[in-house]
Amino acid sequence: MANIGLYIELKEGVFKKSNRELLSLARKSGQPVHAVLFCPDVQPYLEELKGIQTVIQVQGADLTYQPDRYARTLAAVIQEFKLDIVCGIFSAQGKDLFPRLAAKAKASLVNDCLAVDLDNRKAIKPVYSGKLLAEYQIDAGTALFTIRPNVIAVETTTATKAPEIKTVALDNGELQTKIISVEKSASQKIDLTEAEIIVSGGRAMKGKENFAILEDLAKVLNGGLGASRAAVDAEYASADMQVGQTGKVVNPKLYIACGISGAIQHFVGMKTSKIIVAVNKDPEAPIFKKADYGIVGDLFTIVPLLKEEFKKVLS
Amino acid sequence: MNIYACIKQVPDTEASILIKDGKSINEAAIKWIVSPHDEYAIEEALKLKEKILGSTLTAVCLGPERVQNALRTALAMGADRAVHVESSVALDSQNTARALAQVIRADKEFGVIFMGKQAIDDDAYQLHILLAEELAIPVATNVMAFSFDGGKVRVEREIDEGAREVIEMAVPCVVAAAKGLNTPRYASMMGIMKAKKIEIKKTPLAETGVDEAQNKVRLLKLSAPAEKPQGRVISGEAADAVCELVRLLREEAKVI
């Protein structure tokens, strides 16, 4: 029997939807599951956490994310609750926190997993930007896995048993790496790495101002807005919007590529999308070989039509 | 300040990657490059070196003999020294961190250590943090803005939705670079000529006390992901094609 720990990520108190993937994976293992939440009150989350053994609530005067504090607290939780495996989301915070935890807890980590076999402590993750898949095994010690959002099927549980709630205190030691502020972007953007729908633009957008039509389409679909490297390098879009090898790796259920030729370096950043749609003027563009559906045409005509059509069917 | 840039040599972004024996790749036709995020690291390190008079930049790379080319690239861009940690075996991130920490500690008193947030071969996303923890110094990852003032490092790192965390750290520290931090310079002809004359310091892996047998994350096998079947192009007038596409997304693909 192995004790499975889950780091449940809350974003300003909101339960991230990818946590449900972690819970689905852990519940399926049949092992005792312990979920760790840094929050002043666990009540709002208990409905989501039904059927697991323990909820470990981390309490403290200031629970704002500070990597050193969180990592040391989790390392102490691993010891106290004898956790053999801990899983988290491969999110911006997960990428920062889990390697720190690995070092502090003398554990081993595999990031960005597409599948995890908890019984055998094995995981499959993309390597070479997704050109290959690697299967890793962690033989001894505590095993840590972060899981790419949108890869594990979420299953609703029929369990009704409420977990036992235990509390631990936040580590209040020295901060070496100190977050002094968080600057939010002016517009409420949807996080690309966890988005279910993404609309992306390439060099054929021809200018920064033209991204407005993609933004309109994304808004109708409640999706995120991305860009190819060519568009970012031409300064049509900001670096945080870049999808691809040197940008973000995304995994939505629908990816709409507009005016993107489909260079390998872009493709590896979005190839695991469930459905890829391409809109491009050039019928020879490589993106059509990789897309599930394509329309050959001028994006400045097609995109507004798409927006209207989606609006119609979604209303 | 003794500034460091830890870099990795990886296959070119355009390279096709073929599996050799289930656990390694066929290196025969591969063109090797400095991992793109490490180029941002080198550039930022050079900018810091130019800001603090009397600084030196040392590039460090672990790997087989071929990685000396990556070090030559760093030297040609403007690094002063290069250290090659000679290893022909594949180490996991923890062991790589231990080896690099040993080498850097033994080399000189270190200031800021720059590296990429990930290498685009194993995409492990952890070496920079493990190295910092090994050296017991602070670290920030996914850094898109860097400044050094009054003995302190201040960085901005991207978190979700384009929001940025502002982080302060004392020196020494590790800074892991992401795209957006800077535009890496090209090596000048003079830089390339100069780089050829600099002797690369070599440290055999054995001297670090780290070996492959200590790997805790074990690679079982490599496989090629399933290829997507060829999709279809929807023809017809723009308005009709759009209607058909939306219908297919709803009824066939069931994604909206």
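Against which strands of chain A do the buried residues of α1(A) pack? In this predicted model, in which local features need pLDDT of at least 70 and side-chain atom pairs count only at pLDDT 80 or more, totals for chains, interfaces and linings use all residues. Residues are numbered from 1 along each chain as its sequence is written, while chains are lettered from A and ligands numbered from 1 in the order in which they are written. Helices (H or I, at least four residues) and strands (E, at least two) are DSSP runs, numbered from the N terminus.

Helix α1 of chain A spans residues 19–28, and its buried residues are N19(A), E21(A), L22(A), L23(A), L25(A) and A26(A); a residue is called buried if 20 or more other C-beta atoms lie within 10 Å of its own, exposed if 12 or fewer, and partly exposed in between, with C-beta atoms placed from the backbone. These buried residues pack against β1 (4–7), β3 (14–15), β4 (33–38), β6 (85–89), β8 (115–117) and β11 (143–147) of chain A, where two residues are in contact if their C-beta atoms, placed from the backbone, lie within 7 Å. Just after α1(A), G30(A) adopts a positive phi of about 75 degrees.

In chain B, domain 1 covers 2–214 and domain 2 covers 226–256, the bounds coming from an automatic or database domain assignment. The C-alpha centres of these two domains of chain B are 44 Å apart.

The contact between the chains draws 67 residues from chain B and 74 residues from chain A. On the side of chain B that touches chain A, the elements giving two or more residues are α1 (36–51), α4 (127–135), β7 (139–149), β9 (164–170), β12 (217–223), β13 (232–233) and α6 (238–251) of chain B, and α6(B) gives the most, with ten residues. Sorted by class, this side of chain B has 38 nonpolar, eleven polar and 18 charged residues; here Ala, Val, Leu, Ile, Met, Phe, Trp, Tyr, Cys and Pro count as nonpolar, Asp, Glu, Lys and Arg as charged, and the others, Gly among them, as polar.

A pair of helices also meets across this contact. Two packed helices are described by the angle between their axes and the distance between the axes. Helix α3 of chain A (residues 92–104) packs with α4(B) at an angle of about 35 degrees, their axes being 9 Å apart; axes are lines fitted to C-alpha atoms, for helices over the stretch in contact, and angles run from 0 to 180 degrees between N-to-C directions. The crossing of α3(A) past α4(B) is right-handed, a crossing being left-handed if the near helix is turned anticlockwise from the far one by less than a right angle, and right-handed if clockwise. In this packing P99(A), R100(A), A102(A) and A103(A) of α3(A) meet I129(B), L130(B) and E133(B) of α4(B), and the contact has five nonpolar, no polar and two charged residues.

Strand β13 of chain A (residues 178–183) is joined to β9(B) by five bridges in an antiparallel arrangement, and I179(A) stands opposite I167(B). Within chain B, β1 (residues 2–7) and β6 (residues 112–116) pair in the parallel sense over three bridges, with F114(B) as the bridge partner of A5(B).

Several loop residues complete the description. Y128(A), in the loop between β9 (122–127) and β10 (132–138) of chain A, has a positive phi near 50 degrees although it is a residue other than glycine, and Y128(A) is buried because 22 other C-beta atoms lie within 10 Å. Y125(B), in the loop between β6 and α4 of chain B, has a positive phi near 55 degrees and counts as buried because 26 C-beta neighbours lie inside 10 Å. By contrast, E65(B), in the loop between β4 and α2 (68–77) of chain B, is exposed, with 10 other C-beta atoms within 10 Å. Finally, a cis peptide bond with omega of about 5 degrees joins V171(B) and P172(B).

Definitions and conventions:
Two strands pair if DSSP finds at least two bridges between them.
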